[in-house]
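Me: I would like to learn how to read a sheet and a helix from a model. Can you take me through one?

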Amino acid sequence: MSIASECVRLSSGYTMPLIGIGTYKIYGRDTIYEVIDESLNVGFRSIDTAAVYRNEEDIGYALKELLHKYNLKREDIFITTKLAPSENGDSRGIERAVSKSLRSLGLSYIDLYLIHWPGAARIPENSQQNKDLRACTWKKLAKLQGQGLIRSIGVSNYTIDHLKELLSNCYGVKPAVNQVECHPHYRQEELIKFCNTEGIHVQAYSSLGTSTSTNLLKDPVVTDIASKLNVSPARLLLKWAVQQSIGIIPKAEKKEHIRDNVKLNFTIDAEQMKTLSSLPQSKYAWDPRNVC
Ligand SMILES: NC(=O)c1ccc[n+]([C@@H]2O[C@H](COP(=O)([O-])OP(=O)(O)OC[C@H]3O[C@@H](n4cnc5c(N)ncnc54)[C@H](OP(=O)(O)O)[C@@H]3O)[C@@H](O)[C@H]2O)c1
């Protein structure tokens, strides 16, 4: 079975493809169109965006045209978007944000809606207020899910402490997904164990070490194992995640990268997995550990 058609069942009951396309920093109607065109062509059926990426409208435009081209129906694709930290805790703002994302994306429902960040914009990370604001956000999202505007709700950048707090008061809806930075340089083993125990699907972001650093792709241990397996370093890093049932959303603008990223039909052996999972740790994206 191709990786593109592999899915996970979320606690909400819906299924989500294990692999999706990341769209952070992909801008411009034509560029987005070309990226989604090639991605659908090679089998991607899931797209990750966010209000703060400012590309939902262009994604909506591309989908309107491209679903026809590939003879796909709305339900054949899975769209994730996220609440901007500026709206955290603002009940009316959340409703407006969801409506805006729906309108921009040209959808009648969002497959997965995530709280992008455990903190609220303009509030210090160490402020206790963050707790009340994200609890209020969750309550509102649970309500919107009940109304059918969102099929599954989840979180992003939540630590074990943030998750424990949410699970203790989740209005009957557990987070379906926690989207976090995860790759051999930042493995988050405790968090993944916790999520697996609680039935929260872990989706990795920055699997390739972000668009701004090549430290991970050029790590000699990564390039050495990749060359032994006759795959690119990117494919090795992506396979490292999916072999542990962790979802992936690689961002790629170049067609050869988009094509490369679905070729995951190989196995990393136990010894190689162990070596990759012993690399020194280094974080590349924003850090939620200090958000109260
Ligand atoms: N929830 C959050 O807080 C959060 C934070 C960060 C990211 N994300 C999500 O996760 C997605 C992925 O993370 P990311 O954007 O940080 O970057 P990433 O996926 O770790 O890396 C993207 C970089 O890798 C390159 N690349 C892609 N495929 C490649 C291949 N096969 N070989 C060599 N290079 C390759 C891309 O180049 P080209 O673009 O030039 O092809 C780009 O420079 C984002 O787009 C976003 O959707 C979420």
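Predicted model: local features only at pLDDT ≥ 70, side-chain atom pairs only at ≥ 80, totals over all residues.

Me: In what order do the strands of the open sheet run?

Reply: Strands of a sheet pair through backbone hydrogen bonds, either parallel or antiparallel. Here eight strands form an open sheet, ordered β3-β4-β5-β6-β7-β8-β9-β10, with parallel pairing. Strands (E, at least two residues) and helices (H or I, at least four) are DSSP runs numbered from the N terminus. Two strands pair if DSSP finds at least two bridges between them. β3 (21-22) and β10 (247-248) are the edges: each has a single partner strand, so one side of each lacks a neighbour in the sheet.

Me: How many bridges join β6 and β7?

Reply: Five, between residues 110-115 and residues 150-156. L112 has S152 of β7 as its bridge partner.

Me: Which residues of α4 are buried?

Reply: An α-helix has 3.6 residues a turn, so residues three or four places apart point the same way. In α4, the buried residues (20 or more other C-beta atoms within 10 Å of their own, C-beta atoms being placed from the backbone) are N130, L133, R134, T137, W138, K140, L141 and Q145. Their cover includes β5 (78-83), α3 (91-105), β6, β7 and α5 (160-167). After α4 comes G148, with a positive phi near 85 degrees.

Me: What does UniProt place at residues 19-278?

Reply: The unreviewed entry gives "domain: NADP-dependent oxidoreductase". Such annotations may be inferred rather than shown by experiment. Over residues 19-278 the chain is 43% helix and 14% strand.

Terms used. Residues numbered from 1 in each chain as written. Buried ≥ 20, exposed ≤ 12 C-beta atoms within 10 Å, placed from the backbone. Contact = placed C-beta atoms within 7 Å.
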